[in-house]
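Colleague: Could you take one part of this model and go through it closely, with the cut-offs stated as you use them?

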Amino acid sequence: MEKYFMAIDAGTTSSRCILFNESGEVKSVSQREIRQIFPRPGYVEQDPTDIWSTQVGCCVEAMSKLGITWRDIISIGVSNQRETTILWDKNTGEPVYNAIVWQCRRTADYCDELKRQGHAQMIKEKTGLVPDAYFSATKIKWILDNVPGARKKAESGDILFGTVDCYLVWKLTGGRVHKTEKSNASRTMLYNIKELKWDDEILELLDIPRAILPEVGTSAGDFGYSDKSYMGGEIPITGVLGDQQASLFGQNCFQKGDCKNTYGTGAFLLMNTGDTPVYSDHGLVTTIAWGLEDRVDYALEGSIFVAGSAIQWLRDELRIIDTSEDSEYMASKVEDTNDCYVVPAFTGLGAPYWDQYARGAIVGITRGVNKYHIIRATLESMAYLSRDVIEVMEKDLNDKLHILKVDGGASNNNLLMQFQADILGVDVIRPNLTETTALGAALISALGKGYYKNLEEIKQADIKEVSFKPNMSDEIRMEKIERWRKAVTYSLSWAKK
Ligand code: ADP
């Protein structure tokens with residue numbers, strides 16, 4: 001009888017469950033949307049009970065699609081949207097407030113205040129992060145300060161905090177286990193990534209009671225058993241990772257210098273920096289990739305706000321393509337962009353430019369530039385923006401990228417992937433299986449269950465992939481990069497009045 005690993009992929013827009021067989025093949029998928037709540041401009045929330053019910057529904061459905069029972073499942077692994085913050089009543093399980101989603105900007109002013117008070121350096125040294133509303137810490141503080149009675153209950157030990165992984169584990173285990181792991185903890189801005197513990201100084205600064213915090217375990221290990229009321233029996237939960245770290249793990253980026261890029265709505269680049277944290281001089285964040293029994297791996301992370309969403313812009317606003325997939329065929333109708341550049345700085349630019357006032361620009365338009373050139377230039381912009389981040393990662397790490405592993409929706413675009421290889425001058429490798437985040441969750445649980453003994457064993461598992469080899473002279477590459485840099489200068493500071 002075939003056995004399966006259950007991957008819980010608790011994303012931002014949907015809950016998913018994927019069952020992998022022992023060869024790492026996807027055998028069953030179930031997915032449900034999560035309702036997004038926007039109470040005010042800049043505020044983003046979700047209902048925790050919706051996160052939970054859609055997730056457990058997916059687990060049951062994925063099993064029933066295959067006609068299997070809990071006995072056929074070796075272990076459960078969790079990957080999750082990171083930073084999203086949930087506080088709930090320990091006795092009743094009732095959420096204290098909606099989940100405050102990572103995108104929510106409600107605490108931006110308070111983060112500026114922390115910077116003005118001169119705490120940024122201390123926070124960066126301890127947590128690897130720049131004070132920002134994105135991370136959990138100020139979201140927790142907001143709930144405690146704004147929900148009547150919450151702080152008092154928190155101080156008396158009746159309230160628990162968790163990121164989405166931790167909340168799901170608590171629910172799945174019937175309230176028996178309140179535990180997270182190091183990759184998720186490192187995104188809260190409360191966890192000291194060098195000393196590997198919750199940081200008292202920051203907790204005091206933000207006035208967050210320690211009693212609400214979960215235990216922080218290794219990423220592969222014991223997170224209890226799912227309560228038998230959900231899937232008919234007790235299944236061991238043996239691995240948890242934040243989604244981007246899960247994709248890094250699923251891509252087998254186990255060595256220093258290994259790097260992956262996920263081309264989704266935005267793009268997320270993570271580079272493994274080995275067993276010591278590397279602090280960026282270019283505004284990248286330092287994060288824990290995973291914590292295992294015998295080692296903790298760190299990563300540098302850079303995100304690009306607009307990636308696949310630039311293709312959606314071509315589709316929905318310019319209406320020059322019908323589907324995202326069409327962008328490849330349309331771009332291939334021309335040989336190059338005719339020296340036209342699109343800078344999709346719709347919401348500003350991140351690393352290495354850090355200009356929140358930058359806005360999109362199309363430059364180099366001549367009478368001969370047509371829509372195919374613009375489509376091609378938009379696709380190429382994703383590769384240039386990724387290269388910009390990789391360039392600063394290389395500087396921070398003082399090492400060269402050897403290959404780039406890729407995943408996410410837009411990585412299916414062959415033209416984009418070839419251009420990425422060309423403009424980086426390194427091989428770009430795309431696994432045939434694009435569910436790398438869920439695979440990462442399954443693999444970390446396989447490691448936690450003892451199915452694999454170590455990372456070497458995982459690496460040897462045969463993953464089929466496609467590679468794109470650079471095919472551009474250094475001269476042309478340098479010339480294009482120079483043109484791109486010049487194009488970017490036209491987009492900078494645009495929204496500054
Ligand atoms: P997310 O997880 O952020 O929702 P996905 O990984 O599902 O994103 O990727 C979806 C994004 O990728 C969309 O923005 C879409 O426009 C883009 N995309 C999907 N397929 C292609 C393609 N073949 N070429 C270019 N962009 C694509």
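Modeller: Helices (H or I, at least four residues) and strands (E, at least two) are DSSP runs, numbered from the N terminus. The model is predicted, so local features are given only at pLDDT of at least 70 and side-chain atom pairs only at pLDDT 80 or more, while totals for chains, interfaces and linings use all residues. Residues are numbered from 1 along each chain as its sequence is written, and side-chain values use heavy atoms, with hydrogens and water left out.

Helix H6 covers residues 164-172. Nine of its nine residues are buried, so H6 is largely enclosed by the rest of the structure. Buried here means under 20% relative accessible area; exposed is over 50%, and partly exposed lies in between (1.4 Å probe, protein chains only). After H6 comes Gly174, with a positive phi near 65 degrees.

Next is the packing of H6 on helix H1. Two packed helices are described by the angle between their axes and the distance between the axes. For H1 (residues 48-66) and H6, the angle is about 65 degrees and the axes are 11 Å apart. Axes are lines fitted to C-alpha atoms, for helices over the stretch in contact, and angles run from 0 to 180 degrees between N-to-C directions. The crossing of H1 and H6 is right-handed; that is, the near helix is turned clockwise from the far one by less than a right angle, and a left-handed crossing has it anticlockwise. On the H1 side, the contact is made by Pro48, Thr49, Ile51, Trp52 and Gln55. H6 contributes Val164, Tyr167, Leu168, Lys171 and Leu172. Contact means heavy atoms within 4.5 Å.

H1 leads on to the sheet: this helix lies across strands S1, S2 (14-21), S3 and S5, and runs at about 150 degrees to S3. The sheet is open and has five strands in the order S3-S2-S1-S5-S13, with mixed pairing. Strands S3 (26-33) and S13 (237-242) stand at the edges with a single partner strand each, so one side of each has no neighbour in the sheet. From one strand to the next, the twist averages 15 degrees. Two strands count as paired if DSSP finds at least two bridges between them. Within the sheet, S1 (residues 4-10) and S5 (residues 73-80) run parallel and are joined by seven bridges. Ile8 stands opposite Val78 of S5.

A further helix, H15 (residues 436-449), lies across S1, S2, S5 and S13, at about 130 degrees to S5.

For comparison, consider a strand pairing elsewhere. Strand S14 (residues 259-263) is mostly covered, with five of its five residues buried. Cys259, Asn261 and Tyr263 point one way from S14, while Lys260 and Thr262 point the other way. Lys260 has Leu270 as its bridge partner in S15. S14 also runs parallel to strand S20 (residues 403-407), through four bridges. In that pairing Thr262 stands opposite Asp407.
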